[in-house]
Amino acid sequence: MQAVAIEADSEQVQAHALLDVLPALMPRLYKYARYLMEAEDARDAVATALEHLWRNRRRYPNTSGGTLERWAARVAINRIKDEARRHR
């Protein structure tokens, strides 16, 4: 039972850490998306990327030596690229 509590606490910490990173990341993601597509599509692509990040936050490999911000940026940028390819 204690292992489940520790896992839940770890997940909460990771969720809060991601929420701390997103405000600084969102303008950069929108700027990149806007470079690739029209404004409305860019907003949708960023929203899709943020949803993907949130749903996959448990996949952050915190043993890789990278930061959560770098991981989130890379995952989101890849998702935005996918969306841009769909809109061509």
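**Labels and their grounds**

Guide: Glu83 counts as buried because its relative accessibility is 11%, and buried means under 20% relative accessible area, exposed over 50%, partly exposed in between (1.4 Å probe, protein chains only). Glu83 is found in helix α3. Leaving out residues up to four places away in sequence, Glu83 touches Met37, Ala45 and Thr48; contact means heavy atoms within 4.5 Å.

Visitor: What kind of model is this, and how are residues numbered?

Guide: This is a predicted model, in which local features need pLDDT of at least 70 and side-chain atom pairs count only at pLDDT 80 or more, while totals for chains, interfaces and linings use all residues. Residues are numbered from 1 along each chain as its sequence is written, and side-chain values use heavy atoms, with hydrogens and water left out.

Visitor: What is the confidence of the chain?

Guide: The chain averages a pLDDT of 85, and 86% of the residues score at least 70. pLDDT is the predictor's confidence in each residue, from 0 to 100. Helix α2 (residues 39-55) has the highest confidence in the chain, with a mean of 95, and helix α1 (residues 2-36) the lowest, with a mean of 80. Over residues 1-8 the pLDDT stays under 50, and the model has zero contacts there beyond four places in sequence.

Visitor: What makes a stretch a helix, and how many are there in the chain?

Guide: Helices (H or I, at least four residues) and strands (E, at least two) are DSSP runs, numbered from the N terminus. The chain has three helices and zero strands. Along the sequence this reads as α-α-α.

Visitor: Why is His52 called partly exposed?

Guide: His52 has 23% relative accessibility, so it counts as partly exposed. The residue is placed in helix α2. Beyond its neighbours within four places in sequence, His52 is in contact with Val75 and Arg79. His52 and Val75 are 23 residues apart in sequence, and their C-alpha atoms are 8.4 Å apart.

Visitor: Is Ala73 buried or exposed?

Guide: Ala73 has a relative accessible area of 10%, and therefore it is buried. Ala73 belongs to helix α3. Its contacts, leaving aside neighbours within four places in sequence, are Leu25, Arg28 and Leu29. From C-alpha to C-alpha, Ala73 and Leu25 are 7.0 Å apart in space, and 48 residues separate them in sequence.

Visitor: What makes a set of residues a nonpolar core, and which residues have the most contacts inside the largest one?

Guide: A nonpolar core is a set of buried Ala, Val, Leu, Ile, Met, Phe, Trp, Tyr and Cys residues joined through side-chain atoms within 4.5 Å. The largest has 23 residues, and Leu25, Leu29, Leu53, Trp71 and Ile80 have the most contacts inside it. Helices α1, α2 and α3 (68-86) each supply at least two residues of this core. Its largest share, nine residues, comes from α3.

Visitor: How do you know that Arg57 lies over the face of Trp54?

Guide: Arg57 is at 4.0 Å from the ring centre of Trp54. A charge sits over a ring if NZ of Lys or CZ of Arg is within 6 Å of the ring centre and within 35 degrees of the ring normal. Arg57 is accordingly listed as lying over the face of Trp54.

Visitor: How many of the chain's residues count as buried?

Guide: Of the 88 residues, 33% count as buried.
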